[in-house]
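The report that follows is meant for someone opening this structure for the first time. Please keep the sequence and the 3D view at hand while reading.

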Amino acid sequence: MKTGKISFQGWAGANSDMACRQVHPELKPLPCPSFEEALGAVHAGHADLAMIPIENSVAGRVADIHHLMPHSGLHIVAEHFQPVSHHLLVKPGVTLDRVRTVHSHVQALGQCRGTIRALKLEPVVHADTAGAAKMVAESADESQAAIANSLAAEIYGLDTLKSGIEDESYNTTRFVVMAPEAKWPAQGSDCITSFVFEVRSVPAALYKAMGGFATNGINMTKLESYMIGGRFHQTRFYADVEGHPHDPGLRFAFEELAFFTKNFHVLGCYPAHPFRQDPSQLGGDD
């Protein structure tokens, strides 16, 4: 039974909320306190889809996501690239000379270091950008500001003192859309396949596992490692490749991968976002 909702982590007005509204305007965004709960909402039938950020062009990988996705019971069915535009937000009528502290998510603070330093503000870490905006809106202390987007400013009735305060103009977040059922595109289309695996404890296992992709002409766009359960000797890899699992080249590469790995799991096969070929194909904050 369809719910007409799409879950995300954070408060209303978070960048993930904005992504939900841009990609699926027909669905009602469902805020969740954590990534685990956002994924769980779909698994439990409280939402149809989940919008999950997995990496940022400036800050890198989003913590915990790679650990959660393989065990979520969900499948990646789409990807979305969203430019990040940070705004310095204050209560209505507050001027810049009165601001002393700025609140936001640790990544947003890091992405706006130059502005924070230039304005001589004290950064304060919050769980997410929209939550920081909500706190500033509800606080009587007018010396506080938040770094968030224009949607958060609109929702919480805040004024924008400065817009586009991120240090890097190419600041972009990649999201994946997750669903209860896999929805692979047709063979021959421009698509991405994401998967995770662990290498066996044998010499040159990773080198040999990757060999099949080279010999079969498969372009690997991402390969990341992360520890399992905090143990240094156990490593899992997350990878994105161009192609469909049923394409002969990728099928052969996966067969070779299986000889040298364990716990191999395809997270999804989905259409490649136009941004991959043309970075101008982006919507975003204003």
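## Terms and basis

A polar contact is a pair of N or O atoms within 3.5 Å, where within protein one atom must be able to donate a hydrogen and the other to accept it, and where residues adjacent in sequence count only if both atoms are side-chain atoms. One such case is H273, whose side chain reaches the backbone nitrogen of F275 at 3.0 Å.

This is a predicted model, in which local features need pLDDT of at least 70 and side-chain atom pairs count only at pLDDT 80 or more, while totals for chains, interfaces and linings use all residues. Residues are numbered from 1 along each chain as its sequence is written, and side-chain values use heavy atoms, with hydrogens and water left out.

## Two nonpolar cores

A nonpolar core is here a set of buried Ala, Val, Leu, Ile, Met, Phe, Trp, Tyr and Cys residues joined through side-chain atoms within 4.5 Å; buried means under 20% relative accessible area, exposed means over 50%, and partly exposed lies in between, with a 1.4 Å probe and protein chains only. The largest nonpolar core has 24 residues, and of these I52, M69 and M178 touch the most other members. Two or more residues each come from α2 (35-43), β3 (49-56), β11 (172-179), β12 (191-199) and β15 (261-271), with helices (H or I, at least four residues) and strands (E, at least two) taken as DSSP runs numbered from the N terminus. The most is given by α2, which supplies 5 residues.

Contact means heavy atoms within 4.5 Å, and, not counting residues up to four places away in sequence, I52 touches F35, A38, L39, I65, R174, F175, V176 and M178. There is also a second, separate core of 23 residues, which includes A130, Y156, L158 and V177.

## Aromatic rings around F195

Rings of Phe, Tyr and Trp (its six-membered ring) pair if their centres lie within 6.5 Å, and planes under 30 degrees apart count as stacked, those over 60 as edge-to-face and the rest as tilted. The whole structure holds 8 aromatic pairs by this search. In one of them, the rings of F195 and F213 have centres 5.9 Å apart and planes at 10 degrees, so this pair is stacked. It links distant parts of the chain, since F195 is in strand β12 and F213 is in helix α8 (residues 205-215), 18 residues apart. F195 counts as buried at 0% relative accessibility, and F213 is buried with a relative accessible area of 3%.

F195 also pairs with F254, this time edge-to-face, at 5.0 Å centre to centre and with 80 degrees between the planes. Because F195 lies in strand β12 and F254 in helix α9 (residues 248-260), this pair ties together parts that are 59 residues apart in sequence. One aromatic cluster is formed by F195, F197, F213, F237, F254 and F264.

Within α8, the residues A205, A209, M210, G212 and F213 are buried. They cover an arc of only 135 degrees around the axis, which puts them on the same side of α8; the arc is that of the directions from the helix axis to the C-beta atoms. On the other side of α8, Y207, A214 and T215 are exposed. The helix α8 is followed by G217, which has a positive phi, near 70 degrees.

H80 lies in strand β5 (residues 75-83) and is buried, with a relative accessible area of 7%. Leaving aside neighbours within four places in sequence, H80 is in contact with A19, Q22, V23, T173, R174, F175 and H273, and the side chains of H80 and Q82 are joined by a polar contact of 3.3 Å. H273 lies in the segment after β15 and is likewise buried, with a relative accessible area of 13%.

N149 has its place in the loop between β9 (144-148) and α7 (150-156), where N149 is buried with a relative accessible area of 0% and the side chain of N149 reaches the backbone nitrogen of A152 at 2.8 Å. G164, placed in the loop between β10 (159-163) and β11, counts as partly exposed at 38% relative accessibility. Not counting residues up to four places away in sequence, G164 touches S85 and H86.
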